[in-house]
Amino acid sequence: MIAYLIRRILYAIPILIGVNLLTFALFFVVNTPDDMARMQLGIKRVTPEAIEHWKEQHGYNKPLLVNRGVKGIGKITDTIFWQKSASMFVLDFGFSDDGRSISREIYTRMGPSMAIALPTFIIGLLCYVSFALLMTLFRATALDIAGVSLCVVLMSISGLFYIIGGQFLISKLWHWVPISGYGEGAFKFIVLPVVIGVVSGIGSSSRWYRSIFLEEIGKDYVRTARAKGLSELRVLFTHVLKNASIPILTGVVVVIPLLFMGSLLTESFFGIPGLGNYTIDAINAQDFSIVRAMVFLGSLLYIAGLILTDISYTVVDPRVRLT
Amino acid sequence: MTHSGNFQLHSRAMNKNLTYLLCFLLCACDVWNNPYPAQDSGKSILYTAFTERPKHLDPAQAYSENEYEFISNIYAPPLQYHYLKRPYQLVEQAAASMPSVTYLDEHHHVLSATATKIAYSVYEIHIKPGMRYQPHPAFARDVNGLPLYLHLTTSDLRDIHAPGDFLHTGTRVVTALDYVNQIKRLADPRLHLPIYGVMSEYIVGLKDYAGTLQQVLKKHPDEYLDLNRYPLLGVELINDTTYRITLQGKYPQFAYWLAMPFFAPMPEEALRFYAQPGMQARNLTLDWWPVGSGPFYLSENDPNTRMVLSRNPNFNSEYYPSEGSNSDKQAGLLADAGHSLPLIDQVVFTLEKETIPYWNKFLQGYYDASGISSDSFDQAVQVNVGGETRVSDEMKQQGITLSTSVATSTMYTGFNWLDPVVGGSSLRATKLRQAIAIAVDYEEFVSIFANGRGIAAQSPIPPGIFGHHEGSAGINPIVYDWIDGQRTRKSLAQAKRLIAEAGYPDGVDVKTHQPLVINLDTTATGVGNKSRLDWMRKQFDKINIQLVVRSTDYNRFQDKIRRGDTQMFYYGWNADYPDPENFLFLLHSAQAKVAHGGENAANYSNPEYDQLFEKMKNMENSPERQIIIDRMVEILHYDSPWLWGYHPKNYVLQHNWLHNVQPNVMASNKLKYWRVDASLRDSLRLDWNHPVFWPLWIGGVALVLVFAGLRRALKRREDMK
């Protein structure tokens, strides 16, 4: 298993370089260093000298990928790409284009992102699996049809509608929790985003889990369990759920590390100072330093999630070996 | 004590505890949606919001409105705008008196203000003695009087994330040297200095000073840059409370700059403190944690959530103004005359990026004042047949009041003077532009797209600025007639006649027989802007011109403007100071965007206009200046290099517990004048935000029923098996 993990980690290096290169290319196709300087300096009384000076200060006065003006390794290292990317491989994210420490921002914003994402994830998973099991239990009955119809309706509604509707009903009309914000007594601020996060995911997730359970319920071991006289509840919760773990884990474990990254829409609408919000702000402000750091972190966490998924297979199914 | 006595005592104690518990529960149940800590109720705190995090809080670098919202209340430059007087008038802030100005010729002989060959203007500024800085660790000293935190190492900063994390703070008296220090910083090559370009033209020696600092930084890149070691020719320290600034020529508008934080005092201790290693990595910079002598200091800086200004305990140099108009007096704006400022203890700014939560929190009483987004306009404001705006009945019931003011801004549509079709001074192009100016009905635009919050502009100069005329004298005669005491837009027939005279009868070029097509460049994209752009197309359709809207992203748009690769474009300007020069320079050829990278985005050029501008720009407001401005505006009307667009109106709603709110579009340091009746706010918040319980009961019952139903269904199923 150790050899497998080392191999996977080594595979990650070219993937991360590729992701970095792609981010770099996409960003600089849309924005030039001059555009970035103007965005930072504003539009009033900005002279060409000020733009050149900003570029020099922030290291954007170099060639993008290849520096033909120098010799040797400098052709590669004396470029924007190298200067902005190399340090990230030792997790040194440097400073944003407005001079703030990116690592510090990530550190402070991780908490609020997790405060929303983790409960949404755990409560959501419990709800979705339970609801899916319930539909499976009453499969091919009016209850199942009603459940599936409800899922279709819920998954057809835009996420934004849940947010605005939830804010209107729960905060504005019923005055249960603050409409947005984050701070002291964080619980009251995270209730609404978590509820909305869970409700908005019921439709698609429950249907997906239902299909997994339905596939399992037709297998021989389930028939055997029933023949032994086990109750339907026991069959579902003890046997089907356990055997359906592999497909569930495939989708679930991979997202666990990504919970750090937060949610772009939810954080923006609820004023949660998380990493999702940070990324959106950076894209709007054309802050390449933050964008590349966040994409790098996202890729890294995704790779970590995939490795964790593989490991989790060995835990739930002893037949699986990582070699 | 008997057993029963003991019991009674216990019983009484229990009752008391139960009462406390009940009270606590009731209090806790009273308001669930309060986003602020319960212990803040009853305190003199102003609650407001910001929609965009400020990029800079360093007074040498900050320039935008959302940055000034904070630093204007933290720093105290020499001057400020009188809070109540209109037209806007400069008064002392940190200065003990208004600066005295001496005019000199090139041999440094004193001249009168009206002299023609003024080579230098010397501003002598006396600051109030005894003003003190906010408490800050940069000023902390040990028992021997030596700075406590000047030789910190990275490990010393391990648990430090904000200036408040240091154990000790200190303060000191503000001196004239601090003001001199800040002016020198305006040439610091390490900083982005938005006004360096303008100031280097005026402050004697500033350009050379920037060169000197550049050389020093090249030689000693890692050393602390001690500005005291390098004198600046145009800035002279006289004594602890007096300094002089020498300008090239005459520049009366300089006084307005003295009301901006660019000219606030900067203590050397703060610069040295933040220059220490490890500070920037912890976001401990002057750009993040200002050090000022104004009425407030930044006590909490988390621009991702909230920023808090707290009363500077060392501030005692200002009082609420006692002069104002009769209407100010009637509105109660002089009730606090003579009171020591600030009138509130704290200002809590919460980040609200979305308008819906912002608006709803205002209605729930969690923000003390709010602007009005287009989505909420109909809910907030009613417009009667006379065009008078007032708050809706719903708002009135909540005690909300409305105040309006015309912004010192202008939103215009420019014609690119370099374009062969719409640009230039030829009669053909002029008539074409004039025709378009008549056809594009900005009154309609303001009514439809700005909910009436604006006034159609007649020239670049907005109301309230010297040079602006009201009534018949102020109309643009190319576009309007004055009929029955009213401004009336000229008919489309006249526009069509002009189009025909320009060589495009019915919108067809007589030379090429091709329909006339004009391109409009804009950053407006998406469904939200479609109706505006469709409206604009319709305006051009009225005179048979085809308008092609070229929507593009911000970067490409700016690039096109810089290269002059446009025909028409949307643009705007927000004044730095209330002087006509700050608007009319937008059409001065020396400011042409393509040729000089300046602010004249239309690249307009007219020698007579330029000549008049040079003459007018440094004049004091006087009838002579007015005559020159009138002629300049007349030239602009005829040439029509812009569709003059509109001057936006600011609408601000406020709750009845907020006092002394007077619209003042020039001043950003208004918070010190505002007063909050916290007890009224608390009681109204309670009234407005009782939690609604019935959905909880219904939800609970429904949940029980569903579970019971499921259980029954399951049981029946098992039984059947």
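The model is predicted, so local features need pLDDT of at least 70 and side-chain atom pairs count only at pLDDT 80 or more, while totals for chains, interfaces and linings use all residues. Residues are numbered from 1 along each chain as its sequence is written, chains are lettered from A and ligands numbered from 1 in the order in which they are written, and side-chain values use heavy atoms, with hydrogens and water left out.

**Chain B overall**

- Chain B has 22 helices and 25 strands; helices (H or I, at least four residues) and strands (E, at least two) are DSSP runs, numbered from the N terminus.
- Along the principal axes, the C-alpha atoms of chain B fill a box of roughly 110 × 85 × 60 Å.
- Of the 721 residues in chain B, 55% are buried, where buried means under 20% relative accessible area, exposed over 50% and partly exposed in between (1.4 Å probe, protein chains only).
- Among the contacts in chain B with a separation of 6 or more, 70% are between residues 24 or more positions apart; contact means heavy atoms within 4.5 Å.
- Chain B carries 68 positive and 75 negative side chains, with the centres of the two sets 5 Å apart.
- In that count Lys and Arg are positive and Asp and Glu negative, with His and the chain ends not counted; each charge is placed at NZ of Lys, CZ of Arg, CG of Asp or CD of Glu.

**Backbone features in chain B**

- Most residues other than glycine have a negative phi, and most peptide bonds are trans.
- The peptide bond from B:Arg86 to B:Pro87 is cis, with omega near -5°, and B:Pro87 sits in the loop between strand 2 (79–81) and strand 3 (90–92).
- B:Leu341 and B:Pro342 are also joined by a cis peptide bond, with omega about 0°; B:Pro342 belongs to the loop between helix 8 (326–330) and strand 11 (346–351).
- B:Asp506, not a glycine, has a positive phi of about 55°. This residue is in the loop between helix 14 (492–501) and strand 20 (517–522), and counts as exposed because its relative accessibility is 61%.
- B:Asn603 has a positive phi near 55° and lies in the loop between helix 18 (593–596) and helix 19 (607–617). B:Asn603 counts as buried because its relative accessibility is 5%.

**B:Tyr651**

- B:Tyr651 is part of strand 23 (residues 642–654) of chain B, and at 6% relative accessibility it counts as buried.
- Beyond its neighbours within four places in sequence, B:Tyr651 is in contact with residues including B:Ser370, B:Phe377, B:Thr389, B:Leu402 and B:Arg453.
- B:Val406 is 245 residues from B:Tyr651 in sequence, and their C-alpha atoms are 8.9 Å apart in space.

**Cysteines**

- Over all chains the structure holds zero disulfides, a disulfide being a pair of cysteine sulfur atoms within 2.5 Å.
- A:Cys127 is in no disulfide, and the nearest cysteine sulfur, that of A:Cys151, is 12 Å away.
- The sulfur of A:Cys151 has its closest cysteine sulfur in A:Cys127, and that distance of 12 Å is too far for a bond.
- A:Cys127 counts as partly exposed at 33% relative accessibility, whereas A:Cys151 counts as buried at 0%.
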